[in-house]
Amino acid sequence: MGYSKGLKRSADSLTEITKLIQYRDINGQNRLFGGRLMEWIDEAAGVAAMRHCGGNAVTLMVDSLKFKKGAYINDIVVLIAKVTYVGRTSMEVRVDSYVEEKHTGLRRAINHAYLTCVHVDDEGRPLPIEYGLEPVGLTEKAEWEGAQRRIAIRKHRTAEGF
Ligand SMILES: CC(C)(COP(=O)(O)OP(=O)(O)OC[C@H]1O[C@@H](n2cnc3c(N)ncnc32)[C@H](O)[C@@H]1OP(=O)(O)O)[C@@H](O)C(=O)NCCC(=O)NCCS
């Protein structure tokens, strides 16, 4: 695929967002409301996608969104979004969410999700992405290869009406 402006790395668009869980973010069990975490995930992925494509991006779909652990009032939540694959107009973005332990700084994974974001013009129409992605290291190369399988699964699921 020819990219008119060359390649970027995941690190170029890496997006880290830190949130402190407040009363407005919790449900009746003092637990982080899942919808709020989804909002933060969408925001982190959107910023990473925009940083990569250098324009506007919209979320087309979210998949593999798994809540592994709960998070609670006054917890520090860190979200890290990385572009893992770039197609013609779309990008796959992985967002990992953690609770950061206050005493040690250690991060406990609470969620990971893959989002498909599409570069769009001012009218909201898909627009070719001018930068490819250069995966660096084994993990990024594995994500890139995995993305091709995930995209095939997403298209199959869409065709099946999921
Ligand atoms: C995102 C949107 C612009 C895509 O428009 P569209 O006409 O469906 O676009 P296309 O069919 O050309 O597909 C665009 C890209 O998505 C990919 N795509 C579409 N359906 C897909 C699916 N089921 N699985 C995986 N990728 C898919 C296409 O392969 C293409 O990527 P590529 O160019 O890298 O190959 C349009 O669906 C939209 O506006 N959706 C609403 C977005 C929104 O409001 N989001 C919430 C707020 S951000």
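A backbone N or O atom of threonine 59 sits 2.9 Å from a nitrogen atom of the ligand. That is a polar contact, meaning here a pair of N or O atoms within 3.5 Å. The model is predicted, so local features need pLDDT of at least 70 and side-chain atom pairs count only at pLDDT 80 or more, while totals for chains, interfaces and linings use all residues. Residues are numbered from 1 along each chain as its sequence is written, and side-chain values use heavy atoms, leaving out hydrogens and water.

| Protein atom | Ligand atom | Distance |
|---|---|---|
| Threonine 59, backbone N or O | nitrogen | 2.9 Å |
| Arginine 88, backbone N or O | oxygen | 2.8 Å |
| Threonine 158, side-chain N or O | nitrogen | 2.7 Å |

Taken alone, the ligand exposes 970 Å², and the protein buries 56% of that (areas by the Shrake-Rupley method with a 1.4 Å probe).

Now for the shell around the ligand. Thr59, Arg88, Thr89, Ser90 and Thr158 come nearest among its 15 residues, where near means a heavy atom within 4 Å. Strand 3 (56-67) gives the most, with four residues. Strand 6 (107-120) and helix 3 (137-159) each supply at least two; helices (H or I, at least four residues) and strands (E, at least two) are DSSP runs, numbered from the N terminus.

Let's follow strand 6. Of its 14 residues, 11 are buried, so the strand is largely enclosed by the rest of the structure; buried means under 20% relative accessible area (1.4 Å probe, protein chains only). Strand 6 pairs with strand 5 (residues 90-100) in the antiparallel sense over 11 bridges, pairing requiring at least two DSSP bridges.

Key:
Polar contact = N/O pair within 3.5 Å; in protein donor to acceptor, adjacent residues only side chain to side chain. Buried < 20%, exposed > 50% of the residue type's maximum accessible area, 1.4 Å probe, protein only.
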